[in-house]
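Let's take a friendly tour of a protein model. Have a look at the picture first, and then we will go through some of its contacts together.

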Amino acid sequence: MMIDYMGPSLDTTICAISSGVWLFANNPEEWEKVRNSPALVPSAINEILRMETPLQGFSRLVLSDYAMNEVVLPAGSRAIVFYGAANRDERKYSQPHKFQVERNPADHVAFGTGPHACVGLHLAKLEMVAIFTAFAARVKRFRVHEDVRHVHNVLRGFERLQVSVE
């Protein structure tokens, strides 16, 4: 049971943390806000997860015909929920492509939602709060020297991210 709990969270949590470092390196004014007010860390984490959703999509089996708007998803088909796209929907979020730590989009769907929500979401957030709180006390600035994105159909993150800190 612990393997099922922790195993899937490794890659996604690593992607979320490295994406947060990358976002702060590219938005130093937002990092300064967090450094000046570490109480913003949980809000910043929600914004990181919204902007750089580690698990971009997930499919589900449609058990019975389901009408959505004017489209019917037939029983037995697969439906894919694209979390990354939903988290950048301009109908939901003003300036969705702008990183704003004070936005606090607690309603993001990076962990899924409802009965299909990620069972490890609290552990992931706890890890992220711990690391970004520690960074806020010690790191003045992040500088990216190299960033190479994963070429991956499901995960959004970095194959390589070289960063220095001040």
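## How two helices meet

An axis here is a line fitted to C-alpha atoms, for helices over the stretch in contact, and the angle between two axes runs from 0 to 180 degrees between their N-to-C directions. Two packed helices are described by the angle between their axes and the distance between the axes. Keep in mind that what you see is a predicted model.

Now try this on helix 2 (residues 28–36) and helix 5: they pack at an angle of about 90°, and their axes are 9 Å apart. Angles of 65 to 115 degrees count as roughly perpendicular, so helix 2 is roughly perpendicular to helix 5. Which residues make the contact? From helix 2 come Trp 31, Val 34 and Arg 35, while helix 5 brings Phe 132, Phe 135 and Ala 136. Sorted by type, the residues of this contact are five nonpolar, no polar and one charged.

## Salt bridges around Glu 47

How many salt bridges does the model have? The count comes to twelve. Arg 50 and Glu 47 are both buried.

Glu 47 also meets the side chain of Arg 103 in a salt bridge, at 3.0 Å from N to O. This pair links distant parts of the chain, 56 residues apart: Glu 47 is in helix 3, and Arg 103 is in the loop between helix 4 (83–86) and helix 5 (121–138). Like Glu 47, Arg 103 is buried.

Asp 89 and Arg 91 bring their side chains together in a salt bridge of 2.8 Å, N to O. Are these two partners buried or exposed? Asp 89 has a relative accessible area of 18%, and under 20% means buried, so Asp 89 is buried. Arg 91 has 75% relative accessibility, and over 50% means exposed, so Arg 91 counts as exposed.

Let's start with Asn 46, which lies in helix 3. Asn 46 counts as buried because its relative accessibility is 6%. Its side chain joins that of Lys 125 in a polar contact of 3.2 Å. Leaving aside neighbours within four places in sequence, Asn 46 is in contact with Asn 104, Pro 105, Ala 106, His 108 and Lys 125.

One of those contacts, Asn 104, is found in the loop between helix 4 and helix 5. With 38% relative accessibility, Asn 104 counts as partly exposed. Asn 69 has its place in the loop between strand 2 (66–68) and strand 3 (71–73), and it is exposed, with a relative accessible area of 78%. Asn 69 and Phe 24 are 45 residues apart in sequence and 39 Å apart in space, C-alpha to C-alpha.

What about the backbone? Most residues other than glycine have a negative phi. For Asn 69, however, phi is near 55°, a positive value, and for Asn 104 phi is near 50°, also positive.

Conventions: Residues are numbered from 1 along each chain as its sequence is written. This is a predicted model: local features need pLDDT of at least 70, side-chain atom pairs count only at pLDDT 80 or more; totals for chains, interfaces and linings use all residues. Side-chain values use heavy atoms; hydrogens and water are left out. A salt bridge is a side-chain nitrogen of Lys or Arg within 4 Å of a carboxyl oxygen of Asp or Glu. Buried means under 20% relative accessible area, exposed over 50%, partly exposed in between (1.4 Å probe, protein chains only). Helices (H or I, at least four residues) and strands (E, at least two) are DSSP runs, numbered from the N terminus. Angles under 35 degrees count as roughly parallel, over 145 as roughly antiparallel, 65 to 115 as roughly perpendicular and the rest as oblique. Contact means heavy atoms within 4.5 Å. Ala, Val, Leu, Ile, Met, Phe, Trp, Tyr, Cys and Pro count as nonpolar, Asp, Glu, Lys and Arg as charged, and the others, Gly among them, as polar. A polar contact is a pair of N or O atoms within 3.5 Å; within protein, one must be able to donate a hydrogen and the other to accept it, and residues adjacent in sequence count only if both atoms are side-chain atoms.
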